[in-house]
Amino acid sequence: MSAAPGFGMRQRAPHSGATLKDLRQSKTVWRLFKYIFKHYKVHVGFALLCILVSSVTSLASSLFTRTLIDDYIAPMTGDYGALAVALWKLGAILLAGIAAGYAQNLIMIGVGQGTMLGLRKNLFRGMQRLPLGYFDSHSHGDIMSVYTNDVDTLRQVIGNSVPNLFKSVVTILATFISMVVMSLPLTLVAVVMAFLMYKVTTSLGKVSKKYFTERQQNLGAVNGFIEEMVSGQRVIKVFCHEEQAMTAFGTLNEKLRRSVFNANKISNIIMPVNGNIGEFCYVLLALIGAGIALSGASAWYMCGLDGAALTLGTIVSFLTLQRNFTRPVSQISNEINSIVMASAGTDRLYALLDEKPEVDEGLVTLEKVSARKWQWRLPDGSVIPLEGLVSLEDVDFSYVPGKQVLTDITLTAYPGQKIAFVGGTGAGKTTITNLINRFYEIEDGTVSCDGIDVREIAKDSLRSSLGIVLQETRLFSGTVLENIRYGRLDATDEECIEAARSVYADSFIRRLPQGYDTVLSADGGNLSQGERQLLSIARAAVADPPVLILDEATSSIDTRTERLIQRSMDSIMKGRTTFVIAHRLSTVRNADYIMVLDHGRIIERGKHAELLALKGQYWRLCSGSEIQ
Amino acid sequence: MRQYKWAAWLTPVWTTAEVVMGVLIPYVTASLIDKGSSAGEMAEVYRYGGIMIGMALLSLLFGMLAGSFAAYSSTGLAANLRAAMYRNIQRFSFSDIDKFSTAGLVTRMTTDVSNVQNAFQMLLRTSFRAPLNMISALVMCFLINARLSIIFLLAMLVLMTFLSILIARAAKLFRQVFERYDAVNAVVQENVSAIRVVKAFVRENHEISKFDKAALSLFSLNVRVERMMALNHPVMNLIVNACIIAVSWWGAHFIVEGTLTTGQLTSLFSYIMTIMASLMMLSMIIVQLTQSAASGARIAEVITEEPDMDDPADPVTEVRDGSIDFENVSFSYGRGGDYALMDIDLHIKAGETVGVIGGTGSGKSSLGSLISRLYDASEGVVRVGGRDVREYSMKALRQQVANVLQKSTLFSGSVLENLRWGREDATEEECVEACRMAAADEFVREMPEGYQTHLEQGGTNLSGGQRQRLCIARALLKRPKVLVLDDATSAVDTATDARIREGLRKGSPGITTVIIAQRILSILHADRIVVMEGGRVIGFDTHARLLETCPVYREIYEMQSGGEGDFDEAAKGEGRL
């Protein structure tokens with residue numbers, strides 16, 4: 001994990017050659033700034049003030065060196081009293097600067113981390129409201145990396161880059177003013193050198209940009225290769241393809257090395273180049289300064305704005321000032337680069353934040369009257385008892401526009417009935433159940449519950465009325481009991497255990513090392529698939545929903561566990577409207593209605609015997625698994 | 001390292017040269033001010049000015065050299081690390097791959113390597129520069145004025161003590177920070193992968209409060225660590241400034257005494273900055289290195305992992321025939337773990353077709369993988385063609401014992417390229433022939449570019465059943481003596497399954513075939529059937545006789561045929577929905 005990047009020390013990203021123009025164009029960075037400004041107005045204001053104070057004090061202290069040398073040290077006659085006073089003054093100024101710098105740092109840490117916390121919270125809240133389609137179409141790894149890597153890049157931007165940028169600008173301005181006051185000719189030299197530095201940095205940046213893009217591409221290629229080949233490593237072994245894999249990897253690896261080298265080389269060179277232009281400037285100023293001071297020139301253009309001729313002390317202070325002037329120039333370019341680099345992260349972050357949430361405009365809500373008795377409360381205050389009558393009328397649906405998955409689905413489940421869906425994978429069985437609890441929005445037709453269009457029911461209420469057991473069981477890290485309680489958060493321990501008992505999960509749970517208090521690792525890895533399925537049935541049982549959707553387990557469970565699960569499912573179905581995605585004949589046979597699906601259409605419907613008599617698809621499905 | 005070693009060694013040399021130049025420049029400046037400006041000698045000013053410009057030029061040159069060399073050697077190191085890891089992964093046995101997990105290996109080869117690369121580059125460039133800067137600046141100070149320099153030494157000691165306390169405390173916190181990142185990650189990961197459950201049970205708010213808790217605890221620790229590290233700057237500045245004031249005070253005295261010049265005093269000021277900044281940098285390097293040390297350790301694990309399987313000294317390369325014998329074989333995946341197979345004693349004749357059936361976890365796949373020595377038996381001997389599988393070279397064995405794995409993996413590239421994994425020099429006709437046997441020819445021809453059609457990574461543009469058929473064809477191209485099909489037709493419908501069996505029977509007579517399956521229909525027609533339960537063989541006979549003698553077999557048979565059969569087996573795995 002690349003989270004928690006260096007604290008304090010900056011691990012510089014290679015120079016991507018980003019410029020002010022790129023920064024201006026990065027909309028999400030500006031949105032981030034707006035967000036910060038909105039939530040931390042006072043903090044930011046105070047931090048800026050602190051930066052101002054610390055820049056000014058550092059300037060003042062370099063200027064003070066001049067006074068110190070010219071007025072106290074050089075003409076020193078032995079009067080240490082005045083010197084002591086001067087040094088106390090200097091000390092006070094410096095201390096103020098240090099305090100301001102520290103205060104600014106502390107404030108920005110709060111702002112930075114606070115913003116990160118706020119954004120993370122917003123991200124998660126927003127994500128909970130996203131439609132399922134989002135999760136289908138985005139890799140989980142990518143989603144997770146937004147929370148850690150992308151949010152983390154903000155730490156640098158808020159904590160360092162932005163304050164430094166501001167500080168650099170203030171420093172350049174303040175230094176410029178004092179340089180002009182001290183000496184016009186020397187200022188001219190310093191400005192020319194700073195400009196040169198800026199030019200060199202941007203032109204190196206341009207070269208770097210090309211290599212940087214190349215680096216990104218090659219990095220992608222190598223990562224892709226590793227991902228594919230390491231996942232397929234077992235096949236490589238079985239086919240003794242090790243040599244070929246190595247050769248292919250070698251080529252990609254060398255290409256990556258070359259481009260990373262080129263990109264890093266340029267960004268490594270930028271620093272010494274700037275540093276040495278600074279040195280040149282220093283030398284040049286010392287030379288020219290000495291020249292002017294020696295010649296005793298006192299024409300106005302040879303002096304500063306203060307009109308005083310160049311003194312030794314002035315040269316010394318000027319030399320210090322010059323460093324303050326040139327350093328920020330290269331720093332500005334670096335910080336802009338950092339911010340632009342981070343903008344890729346903010347782009348992804350805001351993309352997730354901007355995702356459209358699920359539509360939820362329903363006003364009908366669900367109320368529990370007593371055990372197993374529920375009612376719908378309409379917006380006008382009237383109530384309709386929840387019976388469990390579910391119907392679909394002429395429903396069309398597609399996940400991706402243009403690729404219709406369900407066509408003309410019409411069916412009604414009367415209270416207490418058991419409806420089985422049968423058909424090959426891809427026929428649309430799971431999709432129908434996904435529409436009943438409105439995981440996805442239908443294109444055409446209506447889905448209704450007790451005569452109320454599901455779109456008029458508040459989503460939370462609708463889903464609370466439906467229990468669901470998925471074939472792919474998902475458990476959470478926590479104890480067994482906590483996992484069962486996930487079905488109803490206010491269920492007592494006894495209720496949870498009772499639910500487990502009712503679905504025959506109790507016996508295996510008691511055999512676990514700590515029984516109901518056994519801690520499950522992430523996604524219940526320490527349980528077998530059958531046991532996980534039993535737990536998820538218990539979870540649905542404790543919720544005690546009026547309507548149930550069951551996705552039966554397939555054959556990857558041994559016959560005994562399968563029977564246990566079957567028994568468990570049968571017990572939970574009693575007295576509820578149930579939709580079952582059936583994989584086993586035994587489930588189907590006693591269903592009130594069997595819907596045979598094929599390519600998103602109901603092609604046959606009826607009871608077991610009726611359908612067999614048809615000698616159609618259902619008959620073929622049955623006989624397909626029979627042995628002649 | 002090898003070819004990049006010289007660059008790595010030269011980097012500090014250039015850095016040293018650059019630092020020496022950088023340190024000397026203020027020294028010369030002092031001379032320029034004292035001998036030139038103060039003395040009023042323009043000639044001296046030019047002389048020292050010239051020297052300084054020359055030195056700055058040299059310093060630039062060395063700086064650039066150091067930068068490029070550091071980039072060269074650190075990227076070289078990264079490339080070599082990746083290559084070394086990849087090379088060793090190629091030697092990994094199946095159990096080694098299990099141990100590291102695919103995701104773990106990928107992170108090590110990408111994120112961890114770039115962490116180490118950055119750390120190494122920084123190490124080369126700054127870890128020499130910082131102490132060098134510090135020492136040479138200190139030396140210069142002593143040259144200028146030994147008495148004043150004592151102040152620096154004292155200041156340095158104070159700063160060093162402070163920094164080491166700070167680092168020690170921070171390092172402890174860093175580890176905790178990583179744990180809290182993991183906690184945040186875990187909540188997001190669980191939430192995203194279980195989003196259907198979350199939504200179905202309307203537990204969004206419950207999840208939000210879980211997340212907020214994790215995020216808040218990360219936040220508070222991060223703030224703590226950062227606040228602690230933020231002390232660095234003010235403390236250093238305090239010390240630096242105290243030095244400046246002290247030096248000004250004593251310096252003034254010395255100037256009056258005549259033991260110090262004004263120029264020297266200015267040089268001292270700039271050396272103070274250099275010394276303290278170097279110390280600071282040094283402390284940061286240490287922090288950074290402790291952080292990337294974790295990555296280094298993870299990489300080392302992969303590189304130094306000794307594959308637990310190797311070719312024998314004098315390997316046999318020819319498998320005589322397709323007979324398979326298990327003699328008292330027991331097998332467990334982990335050392336000392338539960339046994340996946342126990343006391344297996346099986347003798348399969350060359351050319352026989354054998355079915356293997358049993359519930360999940362009964363040991364079917366483990367049995368199959370021992371034949372081509374994907375794992376080594378913990379006890380007992382597995383023989384192929386009459387010889388212990390450990391006597392063969394692995395390459396030869398796996399070439400002649402083809403194993404079609406449960407998970408059908410294809411690679412990006414054309415269909416033909418994928419097939420030729422089986423045999424590199426197979427002609428197109430041979431590939432087509434293999435496809436015909438595996439009932440794959442038809443659908444391949446229907447694809448837009450037939451055998452030249454490009455497959456996406458993992459073959460995602462094919463259905464599960466199509467992938468499985470190509471995998472079988474790929475294995476057939478090896479012209480193996482033994483073919484192990486590990487649930488390799490689970491996603492094809494019953495009719496196609498039958499056609500594949502038929503194709504195998506006709507297309508490659510004499511080949512020993514082991515068919516591992518969930519579906520009884522796939523193995524019904526085998527010469528003999530192995531029934532497994534709980535890692536043991538509980539029946540090995542023909543279908544007819546097993547029905548009489550083996551109750552478990554009868555139960556499976558009745559469940560799948562007598563009205564409790566599976567419905568959508570036919571199309572299982574053909575798509576997501």
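Strand β1 (residues 324-331) of chain B runs antiparallel to strand β4 (residues 379-384) of chain B, and five bridges join the two. Strands (E, at least two residues) and helices (H or I, at least four) are DSSP runs numbered from the N terminus, and two strands pair if DSSP finds at least two bridges between them. This is a predicted model, in which local features need pLDDT of at least 70, side-chain atom pairs count only at pLDDT 80 or more, and totals for chains, interfaces and linings use all residues. Residues are numbered from 1 along each chain as its sequence is written, while chains are lettered from A and ligands numbered from 1 in the order in which they are written.

**Sheet in chain B**
- Phe326(B) has Val382(B) in β4(B) as its bridge partner.
- Helix α10 (residues 364-371) of chain B packs on the sheet and touches β1, β2 and β4 of chain B; contact requires C-beta atoms, placed from the backbone, within 7 Å.
- The direction of α10(B) makes about 120° with that of β1(B), with axes fitted to C-alpha atoms, for helices over the stretch in contact, and angles running from 0 to 180 degrees between N-to-C directions.

**Strands in chain A**
- Strands β4 (residues 390-398) and β7 (residues 444-449) of chain A pair antiparallel over five bridges; Asp396(A) is partnered by Asp444(A) in β7(A).
- β7(A) is also joined by two bridges to the antiparallel strand β8 (residues 452-453) of chain A, where Ile452(A) is the partner of Cys449(A).
- Two residues separate β7(A) and β8(A) in a hairpin, and Asp450(A) in the turn has a positive phi of about 50°.

**Confidence**
- Chain A averages a pLDDT of 82, pLDDT being the predictor's confidence in each residue, from 0 to 100.

Technical notes. Contact = placed C-beta atoms within 7 Å.
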